[in-house]
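Dear colleague,

I am handing over the structure below, and after it I set out what was found. Please keep in mind while reading that this is a predicted model.

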Amino acid sequence: MSIKAVILSLPDDVERRRSCDYEFDRFGLEHEFCDAISGDQINTSELKGFYDADMNRIKFKRPLSRNEVACTLGHRLIWKAIADSQDPVALVLEDDATFVQDPRSFLEELAKRGPHFEDVMIKLDGVSRKNGQVIKSVGGQDLVLSDHLPPRTTGYIIGRRAAARLLALDERIARPIDIDLKFYWEHNVPILTLSEQMVAEREEAGSTIDHCRSRTKPGSPLSRFVRNLMYQAKFTHGRLSHPLNPDMIDGLGPLMQADNRVRNRV
């Protein structure tokens, strides 16, 4: 038994897809590609249907680039396929991902216990340094619950029901996808991290999003400071108003059984 692996990639980016093939071949893992959408493909009329500029001003500290909107659309497309599939969990990667440690034992163990993880997401691309609680150990990795999630969506495991829950929000895009995931009290999907990072961005690949962000910063330095301050205040208020109690999170139920759980602070 193996976990289905899906890589989000622009269909004409042959070099990146070749790098992904190499990355999986070196561990003997199978994968498939999901065609990403380029921000340049989204015209102004379509952008208004996908992106809520008014809500963006309320929820985030700057406007989004077309590539950021396209990135969210690509991940939602993958979530839809996972939610409609018979696979309990799936591995999702962006095409600049590289494994910084051998993932095989972790993925094999996760595949055996797939139904236990249908309601959760596990971020593989960073570790949580604050307020962490170890929920379970799988394949030599501690799974950590924290209210401080690392940024990016370079690589993660997502359960079938977790994907369906994220899709059920059905809102126009107002924040980058990785920022949306940090607002756990809005989507109510338990998101865990690993004790040791498993996936990182390939340095030579370069982000197709980062270079666009500087162009979307609005107004003067003072206005940007105020907007960022408001965003940080709203996030901190939401986080402190919704403390994470593992025993009260429905999606963690199968992982919190007495014979499964490991509860420590990290």
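I begin with R175, whose side chain is joined to that of E186 by a polar contact of 2.5 Å, while a second polar contact, of 2.8 Å, joins the side chains of R175 and D180. R175 is placed in the loop between α6 (160-168) and α7, and because its relative accessibility is 2%, below the 20% cut-off, this arginine counts as buried. Once its neighbours within four places in sequence are left aside, the residues in contact with R175 are K59, F60, L64, T72, D180, F183 and E186.

The other element I would draw to your attention is helix α10, which comprises the 21 residues 221-241.

Which residues of α10 are buried? They are R227, Y231, F235, G238 and R239, and, seen down the axis of the helix, the buried residues fall within an arc of 105°, which means that they line one face of α10. As a general point, an α-helix has 3.6 residues a turn, so residues three or four places apart point the same way. On the other side of α10, the exposed residues are P221, L222, F225, H237 and L240. As for what covers the buried residues of α10, this includes α3 (53-59), α7 (177-182) and α8 (184-187).

How values were computed: Residues numbered from 1 in each chain as written. Predicted model: local features only at pLDDT ≥ 70, side-chain atom pairs only at ≥ 80, totals over all residues. Heavy atoms only, no water. Helix = DSSP H or I, 4+ residues; strand = E, 2+ residues; numbered from the N terminus. Expected span 1.5 Å × (residues − 1). Buried < 20%, exposed > 50% of the residue type's maximum accessible area, 1.4 Å probe, protein only. Arc of directions from axis to C-beta. Contact = heavy atoms within 4.5 Å. Polar contact = N/O pair within 3.5 Å; in protein donor to acceptor, adjacent residues only side chain to side chain.
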